[in-house]
Amino acid sequence: MTTTFELLLVGFGHVAQRFVTLLDEQRTPLARDHGIAVRVVGIVTRRHGRAFAARGLDAGALARRAERGEPIGRASGAAAAAALIPEVARRHPAARQRRLVVVETTTLDIARGQPAIDHVRAALTSGAHVITANKGPAAFAYRALAQTARRAGRRFLFEGAVMDGIPIFNLVRETLPAVQILGFRGVVNSTTNYVLTAMETGQTFDEALAEMQGAGIAEADASLDVDGWDAAAKTAALANVLLGARLTPQTVERQGIGASTGRRATAARAAGRRLKLVARAGRERSGVSARVALEELPDDDLLAGLEGQQNAIVFHTDLLGEIAIVQRGGGLTQTAYALLSDLITIGRDVSGGPPARRGRA
């Protein structure tokens, strides 16, 4: 039996556009292996406008228009999404039937996590599930939003918030029952790791950063990456979800990288060590401590071996010791896949079925 989920996309940048095309590419296996069909009924974005059709939009065509910089519908203001979500929920039976999913992919606001937090809250209180690739909700308001989701009987999922599509939160939630996470350390920002490894070989900071910007990995204003804010937001999200912390990016001790870091990186490499921007958090008697800082690691450390855009997380657990997960490459498809995996999780909850099967047998 196939369940049709109605999707309302809040934000329609590169990640959401790739998500739309991925849904089309995976249409057959979604139905065959997971019992899921999807229909995009609404899109709202500050830049491209808004569109709504109860019987479904041609999301692929709208994605192509947005990619060309063309509007997808009538203009929408900054508060349009928060207003449209409850409107769609009232007009569409999918909310009452637990089939309405809000897909939130707006840009991270490092100061307050808004308006993403308001979008998530509006969706949950209107009867919609939420999946998001935005770090803000988990980094600033995880506890409150998780409680709202429980009260509403809806899911709030955010696998794409850290390390693209690598199953960080799923790993703990779904596969480590009775295991307590005591802390973690990792390299979680692709741009800074690429720049550090490039400077080890003689490239300048500006040259390496320009390559990341040219590849679309770093923004034109790369301060969120190089000043450590992106890593701090991911650290806060991980600590809040996995360690029960109450952090925000502003309460994470933070260090970034700059042009002068190159000398330190080359000196560390010459001494048989590697300089990495390491995010870490752990439980202490006074609570949870967290920081993002440059660390010189021995050459045989797993994090020291990360090259280019590679990322990794090492979890410290009570029963299993250290568990590491490495991402050797990331990008739009991987982040879009994280949204897809969260949608499949919701589909499994709604259908009440067993875990998805891996093949056609």
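Student: Which residues of helix 5 are buried?

Tutor: This is a predicted model, in which local features need pLDDT of at least 70, side-chain atom pairs count only at pLDDT 80 or more, and totals for chains, interfaces and linings use all residues. Residues are numbered from 1 along each chain as its sequence is written, and side-chain values use heavy atoms, without hydrogens and water. Helices (DSSP runs of H or I, at least four residues) and strands (E, at least two) are numbered from the N terminus; buried means under 20% relative accessible area with a 1.4 Å probe, protein chains only. In helix 5 the buried residues are Ala116, Ile117, His119, Val120, Ala122, Ala123 and Leu124.

Student: Why is helix 5 described as largely enclosed?

Tutor: The cover over its buried residues includes strand 1, helix 4, strand 4, strand 5, helix 6 and strand 6. Helix 5 spans residues 116-125 and is largely enclosed by the rest of the structure because its buried residues number 7 of 10.

Student: Which residue just after helix 5 takes a positive phi?

Tutor: The position lies just after the helix. With a phi of about 100 degrees, the residue is Gly127.

Student: What percentage of the residues in the protein is buried?

Tutor: The protein contains 13 helices and 12 strands. Of its 361 residues, the buried share is 54%.

Student: What share of contacts in the protein joins residues at least 24 apart?

Tutor: A contact means heavy atoms within 4.5 Å. Among contacts between residues at least 6 apart in sequence, the share joining residues at least 24 apart is 71%.

Key:
Buried means under 20% relative accessible area, exposed over 50%, partly exposed in between (1.4 Å probe, protein chains only).
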